[in-house]
Protein chains: 2
Amino acid sequence: MDDIRVIEVKQSVFADNDADANRLRQQLKEEKTFLLNLMSSPGAGKTTLLRRLAAELEGKLRLGVMEADIDSDVDARAMRQVGVDAIQIHTGGMCHLDADMTRQGLRELGSANYDLVILENVGNLVCPAEFDTGAAKNVTILSVPEGHDKPLKYPLMYETCQLLIVNKTDVLDYFDFDRDKVVAYAKMRNPDIEILFVSAKTGEGIPQVARWILDQAEAWNR
Amino acid sequence: MDDIRVIEVKQSVFADNDADANRLRQQLKEEKTFLLNLMSSPGAGKTTLLRRLAAELEGKLRLGVMEADIDSDVDARAMRQVGVDAIQIHTGGMCHLDADMTRQGLRELGSANYDLVILENVGNLVCPAEFDTGAAKNVTILSVPEGHDKPLKYPLMYETCQLLIVNKTDVLDYFDFDRDKVVAYAKMRNPDIEILFVSAKTGEGIPQVARWILDQAEAWNR
């Protein structure tokens, strides 16, 4: 296997991240690259879901992945093992990515070569929600073992996302997780949020997530 | 049930949090209050573990709990349901607590009345590890569903903790979680870290955690 490209990104010099994110979004629109920002707690299953999605999207879109972490290259390596173009972004201890850090990653990846770039943000329900990365859409994953109360505790994460993916439905029987409550709590934070239940392990629900992404990417490039 | 005391803490005015944390630690030492800082990802089981621990420690120590969250009072409420003195700390969107925020909580709780105060930090593997709260000891929980690779991705969390509690061992059969690997990775970050495997759900391993805390508190008050 090739060496994993690891890029150490620097925090933005721009005081106004929102304005910078809008500039990046405009640039991506002109490139016809759909950037999806994927957020969750540590261990909610972002990388496993991405591997499933990559297989589902194969032949339909040119996919590039940027894996962000404080340290290690295990996620980029996991994507490369299934033949997906992926780079690893190290944040130098930072708990999130801002728009300029995202831009540094996109430059290294060569975003113009891809129809869809998925940014796997740092595993964290607080800080990533506070910084617009320039992505066209934000998606959050909540895994069943974490419990259905997370929208109560981390409001901004649910307010800023267009799609909530509830992952690890294969272990629903082993946890006290209430599907109705998670829907109610997420809608309380964001009445427009869409919600899909999946198991990245078994593949259940993955076609629906792929369909959602294809629809959003098509609307973006129209 | 009584109303839950919720305190909205303000970010520290002290430039040097480390110095402030040392001042707080000294004050707690004089009070003979052992402050334990409990950290983990969202949904790793901090509150469930605390409820079990409270039952195990009953009659041995006077226990007070401070539950920190961005929003909601579900955790303080859960503790009060089992008869534990608990207050809820809201961080005003902040992803962590610093020493002065912790001090504000201790003042509201009345720390001098307790032998042991457990601070349940914001669910986050990044930021809480960067800020010394003034606690005597730091403990992190990793739950089985999160995976054994977390010490590779969040180095500082494992470097700053004296005890790693691996929780949700009752679901080991349903996840690809390697006990030997998590031990090796955690020790790679911190050769002195102690590691205990528990299930807060079934109670397995809880007496060992209580023993660890009692020993540490005794050493602190000696």
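Mentor: Helix α2(B) passes helix α8(B) in a right-handed crossing. The model is predicted, so local features need pLDDT of at least 70 and side-chain atom pairs count only at pLDDT 80 or more, while totals for chains, interfaces and linings use all residues. Residues are numbered from 1 along each chain as its sequence is written, and chains are lettered from A and ligands numbered from 1 in the order in which they are written.

Trainee: Why are α2(B) and α8(B) called roughly perpendicular?

Mentor: Their axes come within 9 Å and cross at roughly 70 degrees. Angles of 65 to 115 degrees count as roughly perpendicular, under 35 as roughly parallel, over 145 as roughly antiparallel and the rest as oblique; α2(B) and α8(B) are therefore roughly perpendicular. Axes are lines fitted to C-alpha atoms, for helices over the stretch in contact, and angles run from 0 to 180 degrees between N-to-C directions.

Trainee: Which residues of α2(B) and α8(B) meet?

Mentor: B:R52, B:L53, B:E56 and B:L57 of α2(B) meet B:I206, B:P207, B:V209 and B:A210 of α8(B); contact requires C-beta atoms, placed from the backbone, within 7 Å. This contact has six nonpolar, no polar and two charged residues. Ala, Val, Leu, Ile, Met, Phe, Trp, Tyr, Cys and Pro count as nonpolar, Asp, Glu, Lys and Arg as charged, and the others, Gly among them, as polar.

Trainee: Why are α2(B) and α3(B) called roughly parallel?

Mentor: Helix α2 (residues 46-57) and helix α3 (residues 74-81) of chain B pack at about 20 degrees, with axes 10 Å apart. The helices α2(B) and α3(B) are therefore roughly parallel. Their contact involves B:T47, B:L50 and B:R51 of α2(B) and B:D75, B:A78 and B:M79 of α3(B). It divides into three nonpolar, one polar and two charged residues.

Trainee: How do you know that β3(B) is mostly covered?

Mentor: Seven of its seven residues are buried. A buried residue has 20 or more other C-beta atoms within 10 Å of its own, an exposed one 12 or fewer, and a partly exposed one lies in between, with C-beta atoms placed from the backbone. On one side of β3(B) are B:L63, B:V65, B:E67 and B:D69, and on the other B:G64, B:M66 and B:A68.

Trainee: Why is B:D3 called exposed?

Mentor: B:D3 has 7 other C-beta atoms within 10 Å and is therefore exposed. B:D3 is in the segment before β1 (6-8) of chain B.

Trainee: What makes β3(B) and β4(B) paired strands?

Mentor: Pairing needs at least two DSSP bridges, and six bridges join β3(B) (residues 63-69) to β4(B) (residues 85-90), which run parallel. Five bridges join β3(B) to β5(B), also parallel. B:M66 stands opposite B:I87 in β4(B) and opposite B:L119 in β5(B).

Trainee: Why do β1 and β8 of chain B stand at the edges?

Mentor: The open sheet has the order β1-β4-β3-β5-β2-β6-β7-β8 in chain B. Each of β1 and β8 (194-197) has a single partner strand, so one side of each is left without a neighbour in the sheet.

Key
Helices (H or I, at least four residues) and strands (E, at least two) are DSSP runs, numbered from the N terminus. Two residues are in contact if their C-beta atoms, placed from the backbone, lie within 7 Å. A crossing is left-handed if the near helix is turned anticlockwise from the far one by less than a right angle, and right-handed if clockwise.
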